[in-house]
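Please read the numbered points beside the sequence and the model.

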Amino acid sequence: MSNLRQVNDDILRDWMIFRDETISSLRTSEDRKHLIYFDSICDSILKSIPKQNRPYVQKQLNKLDDNFMDHLGYLNEKYFRNGFCDAIQLICGSID
C-alpha cells in the first residue's frame with residue numbers, strides 16, 4: 001500500500017485550504033460568537049499601555065498571532081489530515 005501522507009497532488013490539503021479561504025468566510029451568527037477577535041483585543045491592550053511601549057508590544061502581539069495561526073495549522077494537519085489518512089488505511093487494510 002502506498003503511503004497516503006507522501007503525495008505529489010495533495011487534494012486533501014487543497015480542500016482544507018479551500019475550506020479555510022472560502023467556506024470559513026460564510027459564517028453564521030453562532031460561528032461569530034466563537035471567533036477570535038484578535039484585532040480588537042490587540043487594540044484594547046495597546047490603548048492601555050504607554051505610547052513608548054506600543055511598538056514593542058505590537059510586535060509581540062503580532063508574533064503571538066502568527067504563532068497561534070501556525071499552531072492551528074499544525075493541529076489541522078496532525079489531527080484532521082492524518083486522521084483521514086489513518087481511516088483510509090484501516091479501511092484498505094480490512095478489505096485486503
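1. In this note, contact means heavy atoms within 4.5 Å. On that basis, Leu 12, Arg 13 and Met 16 of helix α1 meet Asn 76, Glu 77, Arg 81 and Phe 84 of helix α4. The residues of this contact divide into three nonpolar, one polar and three charged.

2. The model is a predicted one. Its chain comprises four helices and zero strands, in the order α-α-α-α along the sequence.

3. Two packed helices are described by the angle between their axes and the distance between the axes. Helix α1 covers residues 11–21 and helix α4 covers residues 54–95; the two pack at an angle of about 130°, and their axes lie 11 Å apart. The crossing in which α1 passes α4 is right-handed.

4. Which residues of helix α3 are buried? In this helix, residues 38–47, they are Phe 38, Cys 42 and Leu 46. Viewed down the axis of α3, the buried residues fall within an arc of 65°, and they therefore line one face of the helix. An α-helix has 3.6 residues a turn, so residues three or four places apart point the same way. Helix α4 is included in what covers the buried residues of α3.

5. For the chain as a whole, 11% of the 96 residues count as buried. Among contacts with a separation of 6 or more, 67% are accounted for by residues 24 or more positions apart.

Definitions and conventions:
Residues are numbered from 1 along each chain as its sequence is written. This is a predicted model: local features need pLDDT of at least 70, side-chain atom pairs count only at pLDDT 80 or more; totals for chains, interfaces and linings use all residues. Side-chain values use heavy atoms; hydrogens and water are left out. Axes are lines fitted to C-alpha atoms, for helices over the stretch in contact, and angles run from 0 to 180 degrees between N-to-C directions. A crossing is left-handed if the near helix is turned anticlockwise from the far one by less than a right angle, and right-handed if clockwise. Ala, Val, Leu, Ile, Met, Phe, Trp, Tyr, Cys and Pro count as nonpolar, Asp, Glu, Lys and Arg as charged, and the others, Gly among them, as polar. Buried means under 20% relative accessible area, exposed over 50%, partly exposed in between (1.4 Å probe, protein chains only). The arc is that of the directions from the helix axis to the C-beta atoms.
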